[in-house]
Amino acid sequence: MELQELFTYLETPKNIVLITHVRPDGDAVGSSLALQHYLSGFGHTVQSIVPDDIPSFLQWMPGAASLYNHQRNPKTCFAVLTKADCIFFLDFNALKRVEAIATDIAKLRNKTVTVMIDHHREPDFFTDYMLWDAEASSTAELIYRFIHLHGHPEKMTLEAAQCIYTGMVTDTGVFQYSNTTPAVHTIAADLMSRGVDAESIHNAVYNQFGENRLRFVGYLLSEKMVVLAEQRAAYMSISIQEAERFSLSTGDKEGIVNLPLSMKEVDIAVLFTEDKDRIKISFRSKSHVNVEGLARNFFKGGGHINAAGGSTRQNLADTIAYFEKVLPEYLTSIT
Ligand code: 5GP
Ligand code: MN
């Protein structure tokens, strides 16, 4: 349905819930908090829910303390959901990406108005309204677009602008990936002219690690990285035991997957992370090399052409062996 109809619906105060994906990143948290700041300015009651912990490098974000964490407070989150008139799903496009929250949503029996704002490929069509654009750099960019379509950019507070900026910075790798369009720079310029301090956001997001994390990166690169020269790929893995040995916290693993791409002979970088009940896999690639298909076809995941994720229920060794087997097959199939 048309967004204009949603805007008419939002003319009277509503109970609104904003939900983003598991293991929320800068774009997920930035989009939720930006929309929360914006919609609150119209008299709506707005509550953002994250499925699990946000990384420590996002805890400075304006409004972060107001987030409800479903994993830590499932009952409170469910109570909020049952009272919602309207739910926004942000930065994901298939309900399985919210894991346990999907069970709560199913219990609402479609009594709620639903909206998806997202930029990932291959969406499921599970909401009443959609602002979806796989060409958008980030969901945060789409929040900026939503605000302009809604027609009240003057109601974008500095807090909202900071959150949008953070989402765009994190999803474009600080304006370096192929999703960095002229529109991204134009929006970033507008946000800066509204008072966003680019340097302080950069420091808050990227320069907050402890010594343990940097030493861990050194260990991974020198002891763990495997280069598959023929496939122009490199991978690393992190076991639960290693994460404990280096006292890694949520967020300490962020950005590690990209590191092998700095080698000129590598186009694909992969990081396997052992979790309690699964292996989480992150894929990154350069320019034309499509890792979304690899994640989707072999690892029950998806994402974008140059940044995708997936998971397996096998152990780390079996997952890596499977990856080494399917990678050459996949690369042959796409050339
Ligand atoms: P990351 O490697 O940072 O977890 O994720 C990279 C990109 O792939 C993000 O845009 C993320 O939303 C997407 N992604 C990560 N894991 C999954 C997954 O399990 N399924 C799907 N469909 N997308 C994922
Ligand atoms: Mn995103």
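Cys77 counts as buried at 0% relative accessibility, where buried means under 20% relative accessible area, exposed over 50% and partly exposed in between, with a 1.4 Å probe and protein chains only. Cys163 is in no disulfide, the nearest cysteine sulfur, that of Cys77, being 19 Å away. Cys163 is likewise buried, at 0%. A search of the whole structure for disulfides (pairs of cysteine sulfur atoms within 2.5 Å) finds zero. For Cys77, the nearest cysteine sulfur belongs to Cys86, 17 Å away.

The model is predicted: local features need pLDDT of at least 70 and side-chain atom pairs count only at pLDDT 80 or more, while totals for chains, interfaces and linings use all residues. Residues are numbered from 1 along each chain as its sequence is written, chains are lettered from A and ligands numbered from 1 in the order in which they are written, and side-chain values use heavy atoms, with hydrogens and water left out.

Turning to the metal site, the manganese ion (ligand 2) is coordinated by Asp27 (OD), Asp91 (OD), His119 (NE2) and Asp171 (OD) at 2.1 to 2.3 Å. Donors here are N, O and S atoms within 2.8 Å of the metal (3.2 Å for Na, K and Ca); water is not among the atoms, so sites may look incomplete. Asp27 lies in helix α2 (residues 26–40) and Asp171 in helix α6 (residues 158–171), so the pair ties together parts 144 residues apart in sequence. Helices (H or I, at least four residues) and strands (E, at least two) are DSSP runs, numbered from the N terminus. Asp27 is buried at 0%, and Asp171 is buried at 16%.

His120 is found in the loop between β5 (113–118) and β6 (129–132).
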